[in-house]
Amino acid sequence: MISSDTDLAPGNPRQGVRPLAAILLIQRAVIVVAALFLSGCTGAESPSFRINLEGRHPAEISDNQRDAIAETMEEFFGTPDEPRLPDGTGLNLKLIETAAGPVAGNADGTEQGLFRQHCAACHGITGDGAGAMATTFDPYPRDFRRGTFKYTTTRADAKPLRSDLRRTLLRGIPGTGMPSFAELPPEQLDALVEYVIYLSLRGETEQYLVQLVVDEGEYLPLGVDAKEMVLEDAVLWVAEQWAVVEQNPQEYVVPVPPRPVCGSDAERAASIARGKELYASKDAQCAQCHGPTGAGDGEDERIYDDWNKPKKGVTPEQTAKLARLYTLPLQRLRARDFRDGAFHGGSSPEDLYRRIHIGIKGTPMPAAGPQPGAKGVFTPEDIWDVVNYILSLSGEK
Amino acid sequence: MPNRSNSTSPIAIRAAHYAAWLLACATFPLIWMGGLVTTYSAGMAVPDWPRTHGDNMFLYPLGSWLTVWDVFLEHGHRLLGSLVGLVTIALAALLWFRDKRPAMWWLAGVALVGVCLQGVLGGLRVVGSKIFETEIFWTPAPVFLSVAAALLVLTVQAVPAGQSGRRQLRVWLRAAVVSVLFGALAWFGIAAVEDRLFLAKVHGCTAPMFFALAASAVAATSSRWVGDSPPTETPRARRIQCLTSLGAAAIYVQIVLGANLRHVAPDAAPWWFTLWVWLHVIVACGIVLLIVWQYLAARRHAGDQPVLQRRISLMAGLFSLQLALGITTWITNYGWPLWFTQNFVAVEYTVVAESFWQVLSTTAHVGVGSLCLATATSAALWSKRLLIPPSKVLGVEKDGAKKAQATPRKRHRK
């Protein structure tokens, strides 16, 4: 085919040339077969939002119900390529549009499709924390649809500030797959924060809508009244929760009092000893997860994120079956080993104060500080003692 | 038809050799630049093609090109690609008109088609969805192509009236099969080019192939290759040849898997990525074994072939570097692996998006992967050129005699 019969004759300079073409042809065959085979799984050019079936059996929801939910959600929030917002949410649609859609650039250097470029591979197009790379990480990426964010400066019952989300973007989360986006320009960070809030608002509205349609059996197709109800009771109500925190930070942001100065080693030792005692106290129950010595080896090993945990009141066999219906398999959380001196929510004394006071939302780590209407397990002074004790475990001061 | 001379002049071969080197040297940075374009997601920074923001690509103002990083990358990638295209044309012309070896004419043809295909793939990757938006035009295309292919078969292989019905049936069946195949191919092709991720993957997989082609041209135009020295009879020649070819194929499969990891669909199910990762790791282990095996085999049985030994050693070194880069790429993109996260270093480590090390390791992993493929292809080719099994000499004579006998029979049948 390619060479003549004498090509293989010894001493002929053409010797061995035939395999050259043969190898290249084989490789070309491999490229075609491999690329075609491997790309059978590629996503559509315009991906769509995925309906939230968490913890539900797919058979629970009929096609009509799915269609009604999808149609209403699109009416309120648009699509991943063309987001939309009802009036009165207070969100910045222009910023959301910058983060939405496919990745693209403009001649002036501005970029679009930021969420798909930086976040969707882990958090998913829908923000369900089940992106293509999700199973690679421990813990799994955050599910934005619940509106729950772990590391905030606000009260346990409040939404985070935009600056909280921005801080997480800037700092990243050490020891996890969440990167720091410190290299991105400020306007891109703002757009990403706004889009995360948009996905969160959308997710919470969808939860409400699924309950309305599936659990309460709302008559289909959804009429104007029903949609008006969703708008008032879900979209605008959730949007208000976000807005009120921004408008009244003095009410919702947990203040961090100055850390008491320990002038001498004896004072510091006394504070650490008090902190150790508080840590081990029955009320606080810190040791139950973090272990008696803070090594993260507590007795309670069945700790999960709220968005990835077994259903209550079901047997282990049923749990295993149900887990398949969750977007991701169950993943147990690991309580922090304080000896490392590294913390996902920040390692400064002030960060630790907030973690103890506010807790870590969506996880079994409770809020131990005083909350509105509740005294709390610890006073601010107690919290500083516990912080000193925790820092002492890693040799920090 | 090109006016091919009867003998290859040494000067022409030398010129072709330099042109092949130039092609390889221009292609390597082009691959790096392509890698950077993907790393920075800058592919859509210039949304039109073949023009650049409405201007002629070669006349795009320098100020606009150099001031925006993403545009610099994408437009620079296109310009460098054009340069590679020009060098390919020069090389192809030299090989076509001045090289007497038919295999080199084929190589020239494949290189020329390859560079054009790669350019078009890159362009479609940018404007694909806009072109194929007009479904009314594209939907009947597979049907037209299918019917046209069938008609072509029927016309070319027309059976005169009165001939046997069996022969006619055979031609009709052939036409039907070709028709279905072409229709399916067209349908799949159209579906594929509508998917930018698919195009990005194929674009990314064709580049290393082209680089390997340039490396092949470098090898096959070298003075050692075209010299009169006969291949050395080596007891395990076949095994070494198989191992080196298998090594090149395995590295290519690894590159395809890497492209799937890099261009993962944003809405793909989570287990897809895990699957690609595991396949990537398993194939990497397989390549390590293959390289060690061929290194030992070449050292033991082809110790007198420094040209081959050097290439295999270079490939071993490059692949070691590639493994290190792979691990670094993972850590700088996704953090430490799960089993390592209890470690103190891992607990404190924060991934930084688009950091210097992330960009460098990821792009270097792409570039060195291509270099591994080029070296592996070169080693495979040299093993065929330099080694021959002891029985091969007789075998050729026998084969040659058989073919000489067979040829007249074939002609007679015609």
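B:His53 is partly exposed, because 17 other C-beta atoms lie within 10 Å of its own. A residue counts as buried at 20 or more such atoms and as exposed at 12 or fewer, so B:His53 falls in between. Please keep in mind that this is a predicted model. B:His53 sits in the loop that links helix H1 (10-39) and helix H2 (62-67) of chain B. Its phi is near 50 degrees, which is a positive value in a residue other than glycine.

Now for the chain around this residue. Chain B has 15 helices and 2 strands. Of its 414 residues, 43% are buried. Take the contacts in chain B between residues at least 6 apart in sequence: 82% of them join residues at least 24 apart. The domain assignment divides chain B into domain 1 (1-132 + 205-228), domain 2 (136-193) and domain 3 (233-388). Between the centres of domain 2 and domain 3 of chain B there are 42 Å, taken over C-alpha atoms.

In soluble globular proteins, nonpolar side chains tend to be buried together. The largest nonpolar core here has 158 residues, and those touching the most other members are A:Leu192, A:Tyr195, B:Leu91, B:Leu107, B:Phe211, B:Ala214 and B:Leu373. Helix H8 (residues 196-220) of chain B gives the most to this core, with 18 residues. Another core, of 25 residues, lies apart from it and includes A:Ile272, A:Phe338, A:Ala368 and B:Ala346.

A:Gln285 counts as partly exposed because it has 17 C-beta neighbours inside 10 Å.

Other loops of chain A hold cis peptide bonds. One runs from A:Asp138 to A:Pro139, with omega near 0 degrees, and A:Pro139 is in the loop between helix H5 (120-123) and helix H6 (162-171) of chain A. Another joins A:Leu220 and A:Pro221, with omega about -5 degrees. A:Pro221 belongs to the loop between H7 and helix H8 (224-247) of chain A.

Finally, H7 of chain A (residues 186-215) also pairs with helix H2 (residues 63-77) of chain A: their axes come within 10 Å and cross at roughly 145 degrees. This crossing of H2(A) and H7(A) is right-handed. By class, their contact has 9 nonpolar, 3 polar and 2 charged residues.

Methods:
Residues numbered from 1 in each chain as written. Chains lettered and ligands numbered in written order. Predicted model: local features only at pLDDT ≥ 70, side-chain atom pairs only at ≥ 80, totals over all residues. Domains from an automatic or database assignment. Axes fitted to C-alpha atoms, helices over the stretch in contact; angles between N-to-C directions. Helix = DSSP H or I, 4+ residues; strand = E, 2+ residues; numbered from the N terminus. Left-handed = near helix turned anticlockwise from the far one by under 90°. Nonpolar A, V, L, I, M, F, W, Y, C, P; charged D, E, K, R; others polar. Contact = placed C-beta atoms within 7 Å. Core = buried A, V, L, I, M, F, W, Y, C linked by C-beta atoms within 7 Å.
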